[in-house]
Amino acid sequence: MLRIPLFTRWSVLALALVFALVFTPRASGAAEADRIAALIPDGAVTAEVLTPDYSQRMQEISRRLMNSAQADPVWFQGWMAKHPRGPVPWHPNLGVTKPEYDLYLREGNAAKFAVRTRVRLTFERKGIARCWTLHGWGLLTPLEGLTIDLDRGHAVSPHWGDLPFFGIAQPTDPGVQLPWNWYGVWKATHVIGDPRRNGQSSTAGLHVGPLGDGRMVGLYWATRRLNHGRQLADEFLLLRFPAPRR
């Protein structure tokens, strides 16, 4: 079940309550690498940047949630830490009523995705190896310099380090509005001390897989860094681009 955050960095929905990927990865081997390699183009493609299409009511509730989280970040991060799987339960400290929060979750789970803009994303291949470095600017800055190395079984980000390849996951939630068939998963988590006090934690994840009838590919990049009750450097980027013809 790939959960796209209900809050995104790109608008007033700037805080993610949902940051979880629940899946059962299969052994990552040559067959899995071959399936993913078939989805990655050589060179530049025009990609669509997708964002959830939320109602004005949904955005209003989201603003209030965000304001509450910013007013008491230590409590908010502690509440999230107690419920790491899926949406956190309602609490008065969230700053909205329970019916409003229930509406927020229902609409968030049912929201369709709209094309925000189109961008140029380049996959620079390293010779004949199954290894590509991504290049882009503007909204694509989080992906600049990210390397997908299928031969070595990892992805490497200039800012987030090594992300091991977990294998291929099958979507399990029929309510997800983006039609993933499956996706390859790279993910890394680093924790130093207690992030709710003086420690830090960071999570970075990359997901790539075919959409619908296979003529389009989805790419989802998400990161989060927590430090002393504050939420720092969140990045969420969801792209869709044509599958290469080979």
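A residue counts as partly exposed when its relative accessible area lies between the buried class, under 20%, and the exposed class, over 50%, so Glu-60, at 35% relative accessibility, is partly exposed. The structure discussed here is a predicted model, and its chain has four helices and 10 strands. Of the 246 residues of the chain, 48% count as buried. The points below move from the whole chain to its strands, its nonpolar cores and its salt bridges.

**Overall organisation**

- Read from the N terminus, the elements of the chain follow the order α-β-α-α-α-β-β-β-β-β-β-β-β-β.
- Among the contacts in the chain with a separation of 6 or more, 61% are between residues 24 or more positions apart.
- The chain exposes about 11,600 Å², and carbon and sulfur atoms supply 54% of that area.

**Strands β1, β2 and β3**

- Strand β1, residues 43-52, pairs with strand β2, residues 113-125, in the antiparallel sense over 10 bridges, and within this pairing Val-45 stands opposite Leu-121 of β2.
- Strand β2 is also joined to strand β3, residues 131-135, by four bridges, again with the strands running antiparallel, and here Thr-122 has His-135 in β3 as its bridge partner.
- Strands β2 and β3 form a hairpin with five residues between the strands, in which Gly-127 takes a positive phi near 60°.

**Strand β8 and its two partners**

- Strand β8, which spans residues 200-211, is mostly covered, with 11 of its 12 residues buried.
- On one hand, nine bridges join β8 to strand β7, residues 183-192, in an antiparallel arrangement, where Ile-192 stands opposite Gln-200 in β8.
- On the other, β8 pairs with strand β9, residues 216-227, in the antiparallel sense over 12 bridges, and Pro-210 has Val-217 in β9 as its bridge partner.
- The hairpin formed by β8 and β9 has four residues between the strands, and Gly-212 in the turn has a positive phi of about 55°.
- Thr-203, a residue of strand β8, counts as buried because its relative accessibility is 17%, which falls under the 20% limit.
- The side chain of Thr-203 makes a polar contact with the side chain of Thr-189, at 3.5 Å, while Thr-203 and Arg-224 are 5.3 Å apart from C-alpha to C-alpha although 21 residues apart in sequence.

**Nonpolar cores**

- The largest nonpolar core has 36 residues, and of these Leu-143 and Trp-186 touch the most other members.
- Apart from this core lies another, of 15 residues, which includes Met-58, Ala-69, Met-80 and Ala-111.
- When residues up to four places away in sequence are not counted, Leu-143 touches Leu-121, Leu-134, Leu-219, Trp-221, Leu-237 and Leu-239; one of these, Leu-121, is the residue of β2 that Val-45 stands opposite.

**Salt bridges**

- Side chains of opposite charge can pair when their charged atoms come close.
- The structure holds 11 salt bridges, and one of them is formed by Arg-118 and Glu-48, whose closest N and O atoms are 3.3 Å apart.
- Because Arg-118 lies in strand β2 and Glu-48 in strand β1, this pair ties together parts that are 70 residues apart in sequence.
- Arg-57 forms a salt bridge with Glu-60, with the closest N and O atoms 3.2 Å apart, and both residues lie in helix α2, residues 56-71, three residues apart, or about one turn of the helix.
- Arg-57 also meets Glu-100 in a salt bridge, at 3.0 Å from N to O, and this pair links distant parts of the chain, with Glu-100 in helix α4, residues 98-110, and Arg-57 in helix α2, 43 residues apart.
- Arg-57 is partly exposed, with a relative accessible area of 32%, while Glu-100 is buried, with a relative accessible area of 12%.
- Arg-57, Glu-60, Arg-64 and Glu-100 are linked in a network of salt bridges.

Key: Residues numbered from 1 in each chain as written. Predicted model: local features only at pLDDT ≥ 70, side-chain atom pairs only at ≥ 80, totals over all residues. Heavy atoms only, no water. Buried < 20%, exposed > 50% of the residue type's maximum accessible area, 1.4 Å probe, protein only. Helix = DSSP H or I, 4+ residues; strand = E, 2+ residues; numbered from the N terminus. Pairing = 2+ DSSP bridges. Contact = heavy atoms within 4.5 Å. Areas by Shrake-Rupley, 256 points an atom, 1.4 Å probe, with all protein chains shown as cover. Core = buried A, V, L, I, M, F, W, Y, C linked by side-chain atoms within 4.5 Å. Polar contact = N/O pair within 3.5 Å; in protein donor to acceptor, adjacent residues only side chain to side chain. Salt bridge = Lys/Arg side-chain N within 4 Å of Asp/Glu carboxyl O.
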